[in-house]
Amino acid sequence: MNTITLDQALSGVGQEAGVSPWRAVTQDMIDQFADATDDHQFIHCDPERAATETNFGGTIAHGFLTLSLLSAMAFETIPRIEGADIGINQGFDTVRFVAPVKTGARIRTRFVLAKIKARPSGWIEVAHDVTIEIEGSLKPALTARWLTLAFIQPEQG
């Protein structure tokens, strides 16, 4: 796992933090997400009906499934700050679902460090502007400003 110092992180505002590998979104993933969230709308779970009754040509991923994949893509992409043993999802300032992710499509996330602030308490506030891209599409699946926290134990003086 790639790590950087806090000073390196602080100097990286406005720069791309990384681009995740491509990840396929399968019908099995969609069905499991539908089971976990009780969202079995036919546009997600019924390929035949979605093919004939929508202009998607088949099923599409839940927007929230696409959003939830950010955690895994961040873990495999964004360098960790040295000494930060904990990371917490704080939420989003904005989330926009721009284009549907069709079943079988491949997606990846582009992470740009938008803001970082180190508090004396050891907590580090981090904001990334994220864009989940769909392979072969001009439009992204979503854009968001994602807020997270990391913690570095303050030195005892």
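A nonpolar core is taken here as a set of buried Ala, Val, Leu, Ile, Met, Phe, Trp, Tyr and Cys residues joined through side-chain atoms within 4.5 Å. In this predicted model, the largest such core has 23 residues, and V25, V101, I107 and F111 make the most contacts inside it. At least two residues of this core come from each of α2 (27–37), α5 (63–68), α6 (70–75), β6 (106–118), β7 (123–134) and β8 (142–152). Apart from it lies another core, of eight residues, which include A9, I81, V126 and A150. With residues up to four places away in sequence left out, V101 touches V25, I60, A61, T66, I107, I134 and A141.

Strand β8 pairs with two other strands. It runs antiparallel to β5, with eleven bridges joining the two, and G91 has L147 of β8 as its bridge partner. Strands β7 and β8 also run antiparallel and are joined by ten bridges; D129 stands opposite R145 in β8. Eight of the eleven residues of β8 are buried, so the strand is largely enclosed by the rest of the structure.

The largest pocket has a volume of about 700 Å³. Its lining consists of 28 residues, and I78, P79, R80, H128 and T148 lie nearest the pocket centre. Two or more lining residues are given by each of α1 (6–10), β2 (16–19), α6, β4 (80–81), β5 (84–97), β6, β7 and β8. Strand β5 provides the largest share, six residues. By class, the lining comprises 17 nonpolar, eight polar and three charged residues.

Key. Residues numbered from 1 in each chain as written. Predicted model: local features only at pLDDT ≥ 70, side-chain atom pairs only at ≥ 80, totals over all residues. Heavy atoms only, no water. Buried < 20%, exposed > 50% of the residue type's maximum accessible area, 1.4 Å probe, protein only. Helix = DSSP H or I, 4+ residues; strand = E, 2+ residues; numbered from the N terminus. Contact = heavy atoms within 4.5 Å. 1 Å grid on protein atoms, 1.4 Å probe; cavity = no way out; pocket = protein on both sides within 12 Å on 5 of 7 lines; lining within 4 Å. Points joined across faces, edges and corners; volume = space filled by probe spheres on them. Nonpolar A, V, L, I, M, F, W, Y, C, P; charged D, E, K, R; others polar. Pairing = 2+ DSSP bridges.
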